[in-house]
Amino acid sequence: AAIAPDMGAAARPHIEQALRELQVETELDVGVAALDEAGVVLSDGRRIDTLTVIWAAGMRAAPLTATIPAERDDLGRLIVDRNLRVPGIAGVFATGDAAKVPCDELGNHALMSCQHATRMGAFAGHNAAADLLGVPGQPYHQETYVTCLDLGEAGAIFTRGWDREVELLGAAAKELKREINTVWIYPPRAERTAALASADPQRVTDL
Ligand SMILES: Cc1cc2nc3c(=O)[nH]c(=O)nc-3n(C[C@H](O)[C@H](O)[C@H](O)COP(=O)(O)OP(=O)(O)OC[C@H]3O[C@@H](n4cnc5c(N)ncnc54)[C@H](O)[C@@H]3O)c2cc1C
């Protein structure tokens, strides 16, 4: 087992260093067997007394996806075509965390992330409306992929590409993380022109 296994070999040493700096102790190769209001019991029988437990063990699609009689992946996401349509069920589209779809021609798939959900939402909305009007939809695509992981007081780490090449560290990455959270993924103004512009697939910015 490794810390942050999905973040890749280039990013991991920086994440481990940040945890050391912040004096965070880690326990690998052990699971959580039970939780109660005063602590956790680990799978090797040890107990950690604590009033605060933060569970960060992965994501699943919303239960609503299970009510659609269509193929799903092991995260519960509906497998959709490039127009985000659920195959075989007229008028049903799935997007964001509820959909599994390729995002480029290289075999990568959209992740359960704001980065993908924001752009997929614009395509799905456009395509659902196009479907009602009987005009062709626009295939979803998203070639750019970045990650920006907040590391608390140790700053952040920003990587680019599916190989996660480290591009920024420390305070510079932290500043970008702040900008992502307060500008990039922030909802548009509650005003018609801004809302429609943010929903236009041709104008949704790829980070
Ligand atoms: C704690 C946390 C931290 C995260 N941090 C990051 C991050 O730093 N960066 C990042 O990229 N991603 C992050 N994510 C993931 C990101 O939030 C999701 O990928 C993104 O919000 C998915 O968007 P969505 O629109 O598909 O789904 P959601 O934002 O989950 O919206 C789905 C909506 O549908 C509603 N809904 C569900 N079922 C029904 C129903 N039956 N009827 C009506 N409404 C229903 C829900 O209430 C919800 O409002 C984080 C997620 C969590 C939980």
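Mentor: An open sheet of three strands runs in the order 6-7-8 with antiparallel pairing, where strands (E, at least two residues) and helices (H or I, at least four) are DSSP runs numbered from the N terminus and two strands pair if DSSP finds at least two bridges between them. This is a predicted model, in which local features need pLDDT of at least 70 and side-chain atom pairs count only at pLDDT 80 or more, while totals for chains, interfaces and linings use all residues. Residues are numbered from 1 along each chain as its sequence is written, and side-chain values use heavy atoms, with hydrogens and water left out.

Trainee: Over how many bridges do strand 6 and strand 7 pair?

Mentor: Strand 7 covers residues 156-160, and the bridge partner of Val146 in that strand is Arg160. The pairing of strand 6 with strand 7 is antiparallel, and the number of bridges is five.

Trainee: What angle does the direction of helix 3 make with that of strand 8?

Mentor: Helix 3 (residues 170-184) packs on the sheet, touching strand 6, strand 7 and strand 8, contact meaning heavy atoms within 4.5 Å. Axes are lines fitted to C-alpha atoms, for helices over the stretch in contact, and angles run from 0 to 180 degrees between N-to-C directions. For helix 3 and strand 8 the angle is about 90°.

Trainee: Which helix gives the most to the shell around the ligand?

Mentor: The ligand is surrounded by residues including Leu64, Asp97, Met112 and Lys177, a residue being near if one of its heavy atoms lies within 4 Å. With three residues, the element that gives the most to this shell is helix 2 (residues 114-133).

Trainee: How far from an oxygen atom of the ligand does a polar side-chain atom of Asp97 lie?

Mentor: A polar contact is a pair of N or O atoms within 3.5 Å. A backbone N or O atom of Ser113 lies 3.0 Å from a ligand oxygen, and one of Met112 lies 3.4 Å from a ligand oxygen. For the polar side-chain atom of Asp97, the distance to an oxygen atom of the ligand is 2.7 Å.

Methods
A polar contact is a pair of N or O atoms within 3.5 Å; within protein, one must be able to donate a hydrogen and the other to accept it, and residues adjacent in sequence count only if both atoms are side-chain atoms.
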